[in-house]
Amino acid sequence: SGKFYQHAPTEASQATLASVSPVFAVMKLDKEGNTTYFEKKKTELYQELGLQARDLRFQHLMSIATRNNRIIMRMEFLKAVITPEFLLILDYRNLNLEHWLFNELASQLAGEGQLVTYSLPFEFRAIEAILQYRISKLQGRLNTLQPQILETLEALVDPKLLSVDRSKLHILLQNGKSLSELETDLKVFKETILEILDEEELIEELCLSKWTDPQVFEESTSGIDHAEEMELLLENYYRQAEDLANEARELRVLIDDSESIIFINLDSHRNVMMRLNLQLTMGTFSLSLFGLIGVAFGMNLESSLEEDPRIFWLVTGIMFLGSGLIWRRLLSFLGRHLEPPLPPHVPAVLKKSQPAAARVEIKNNLKAETFGLSRSTLTNQ
């Protein structure tokens with residue numbers, strides 16, 4: 001009875017684990033493009049394929065691995081197992097994969113379409129079909145983002161605008177975030193491909209039929225090197241990913257440059273407003289200065305001047321005329337100190353007659369004089 005109680009919990013726990021084992025909706029495609037659908041538990045599936053449980057674990061990032069003459073590919077929503085005879089798509093019921101799975105994949109595996117690896121083994125066609133799908137998705141994301149970003153930047157980078165539309169900035173922020181995600185996905189794609197290209201053993205392991213089919217092995221050793229073909233295939237899609245990454249990088253540089261232009265335009269408008277404010281302040285100061293005359297005449301003091309009817313117009317004219325002259329003087333003073341100093345004039349005779357060493361010395365002296373003038377101007381400001 002003691003042994004029975006010891007083994008009973010173990011059997012119950014195994015039964016519980018078996019009941020909660022995930023079930024995969026599997027799509028199977030063979031060399032001729034025939035498609036079958038079935039559902040199978042994870043434990044049964046990896047035992048039939050000779051894999052381990054971690055090989056079928058969900059992974060969002062892209063990865064390409066080989067185990068027990070099987071190729072395991074994970075790409076965002078796609079999880080596939082490639083063998084020399086068939087391709088398995090796990091959890092194929094995904095809205096992002098339906099069009100490709102049901103309309104394009106079978107014909108690509110059967111050798112139809114524009115693929116150039118018809119004469120090569122089945123795993124080549126399967127790998128190329130999956131990589132082509134991934135590249136096309138990345139290209140589609142870039143084609144969607146590029147016109148939106150260019151249109152938003154064209155609307156923002158306008159020197160006539162005195163302020164920036166916040167809705168456009170919000171759209172640009174969202175597009176910039178999507179562009180960063182695209183750059184990350186392209187980087188992961190390139191790193192995954194490059195990791196395989198740097199290791200000859202990994203490239204050899206991807207050639208499944210080379211080690212299982214004697215005819216393919218004989219072809220690989222005599223004429224067609226399947227490892228080189230696999231390397232060329234991976235290099236082709238690495239180059240396409242590099243081109244997409246360069247286009248995304250150009251968009252990122254364009255966004256950064258446009259932000260600088262936006263800030264320059266805003267600074268320019270801000271400087272104009274500050275200058276106008278300063279001019280109005282000077283005008284107010286001028287009027288206040290000569291307004292003291294009117295204040296003096298407005299005091300309750302008796303004099304003989306208030307009896308003359310021409311004194312009012314005379315004092316008013318002096319006030320406005322003096323205020324205008326003072327304001328004009330202040331504006332000229334402001335413009336003279338805001339403009340950069342002109343470089344000193346270099347006589348043409350010195351340029352022609354002096355030797356090289358003397359010209360260098362004169363050039364250094366002129367630099368020192370210019371630096372002195374700039375420092376004096378800054379000190380005055």
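I began with a charge and a ring: the charged end of lysine 28 sits over the ring of phenylalanine 86, 4.5 Å from its centre. I count a charge as sitting over a ring if NZ of Lys or CZ of Arg is within 6 Å of the ring centre and within 35 degrees of the ring normal.

I note that this is a predicted model, in which local features need pLDDT of at least 70 and side-chain atom pairs count only at pLDDT 80 or more, while totals for chains, interfaces and linings use all residues. Residues are numbered from 1 along each chain as its sequence is written, and side-chain values use heavy atoms, with hydrogens and water left out.

Next I looked up aromatic pairs, where rings of Phe, Tyr and Trp (its six-membered ring) pair if their centres lie within 6.5 Å, with planes under 30 degrees apart called stacked, over 60 edge-to-face and the rest tilted. I found two aromatic pairs by this rule. Tyrosine 37 and phenylalanine 102 form a tilted pair, at 6.1 Å centre to centre and with 35° between the planes. Tyrosine 37 lies in strand β2 (residues 35–41) and phenylalanine 102 in helix α3 (residues 98–109), so this pair ties together parts that are 65 residues apart in sequence. Helices (H or I, at least four residues) and strands (E, at least two) are DSSP runs, numbered from the N terminus.

Tryptophan 100 belongs to helix α3 and tyrosine 133 to helix α4 (residues 122–156), 33 residues apart.

Buried means under 20% relative accessible area, exposed over 50% and partly exposed in between (1.4 Å probe, protein chains only). Tyrosine 37, at 40%, is partly exposed, as is phenylalanine 102 at 42%.

I then checked which residues join the two helices: Trp100 and Leu105 are among those in α3 that meet α4, where Phe122 and Tyr133 are among the partners. Contact here means heavy atoms within 4.5 Å.

Last, I turned to the loop between β3 (63–66) and β4 (71–75), which holds asparagine 68 and also asparagine 69. Asparagine 68 has a positive phi, near 55°, in a residue other than glycine, and asparagine 69 has a positive phi of about 60° although it is not a glycine.
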